Amino acid sequence: MNNNNSVAAKAKDLINKAGPLVALVLLCIFLAFKNENFFTSTNLLNVARQAALNGFLSLGMMVCILTAGIDLSVGYTMTLSTIIMAKCAVEKGMNPVLCLIIGILAGALLGLINGILLTKFKLPHPFISTLGTQNIYKGIGLVITGATPIAGMPLAIKWAGSSFLSSNPDSLLGKIPISFVIMLIVYVLFSIFLNYTTLGRHIYAVGGNINTAGLSGINVDFVRTSVYVISGVMAALGGIMLTGRTDSAYPLSGNLLENDAIAAVIIGGTSFFGGKGNVLGTFTGVLLIAVLRNGLNLLNVSSDMQTIFLGGIIIVAVFVDVVRGGGFKRVKRMKKDEKPVTQA
């Protein structure tokens, strides 16, 4: 009997992990039949290039959701950090490499603010704190730019977002975007971080049961703050890719980007209840969202309808997460356990 239960559990786990990949393959097959341009190398590599931005944002979102949190400010964290970087590079004429570092540090600082609001100011849920900072970061960006894009980036800033592996545009390497390659490298490093470092394991522990994690000696506040700092850094890296691709820092560039990130993470199998999820699943979710966006464009679906469609996908993905996680009972259990054990 136990063996049967074990086999059933392993089969269920395999289905959960393979589900997003199967959905991605089926979506690609469908789009290939609907539009002959989908499976061209030019289009697929364009999908890869466009996936880089959401790829970085989704990694940051994933670690937040792994702790049963969320970062709604991720889009405008990206925007404000790149505006700061652009102002240093274009208006102040500072060294471009130094400006890149400043942009990443700005992202980390904005993420740190989110973490402090949650842990030190004891706001009840990161939904509240990050919704607030989303609007604050958006407003600051509009104020300091006068709602005007900053263009004319130095080559060192544009390189990651606009360059390809080869300078020969006719070769295959000349069509592979460096931004996608960098994203792949970061995903590999992230997988190592989550699986083989103390902080990575603590992130899963806090998301699995925050009280047990606190009682076992884990500094819960430090872990929860760290994930928002990580999210800020990932947002800044995504902003660097976007700025390089568009050669501008636009004050409204972060609008609704959190939706794609949340969708990719949840579709990829990360549980909204925390403690469950992996980098490979998030990567699959990122590709699925990128392919979906690309396919809808090829099918001439309006951007407004795409927004409606994506909203529906998020709702379905969360519902599936609730059901497969034994969810309704777990929701009741979480409501009874609203005061986590934290450390000063």
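Me: Which residues form one aromatic cluster with F180 here?
Reply: In this predicted model, F180 forms one aromatic cluster together with Y187 and F283.

Me: And how many aromatic pairs does a search of the whole structure find?
Reply: The search finds four aromatic pairs. One of them joins F38 and F39, whose ring centres are 5.2 Å apart and whose planes stand at 65°, so this pair is edge-to-face; the reasoning rests on the cut-off that planes over 60 degrees apart count as edge-to-face.

Me: Is F38 buried or exposed?
Reply: F38 has 0% relative accessibility and therefore counts as buried, since buried means under 20%.

Me: Are Y187 and F283 buried or exposed?
Reply: Both Y187 and F283 are buried.

Me: New topic: which residues are buried in helix α6?
Reply: In α6, which covers residues 155–162, the buried residues are I157, A160 and G161. Seen down the axis of α6, they fall within an arc of 95°, so they line one face of the helix.

Me: Why do residues three or four places apart in an α-helix point the same way?
Reply: An α-helix has 3.6 residues a turn, so residues with that spacing point the same way.

Me: What do the buried residues of α6 pack against?
Reply: They pack against α2 (41–66), α3 (74–91), α4 (96–119), α7 and α10 (220–246).

Notes
Residues numbered from 1 in each chain as written. Predicted model: local features only at pLDDT ≥ 70, side-chain atom pairs only at ≥ 80, totals over all residues. Heavy atoms only, no water. Phe/Tyr/Trp six-rings, centres within 6.5 Å; stacked < 30°, edge-to-face > 60°. Buried < 20%, exposed > 50% of the residue type's maximum accessible area, 1.4 Å probe, protein only. Helix = DSSP H or I, 4+ residues; strand = E, 2+ residues; numbered from the N terminus. Arc of directions from axis to C-beta. Contact = heavy atoms within 4.5 Å.
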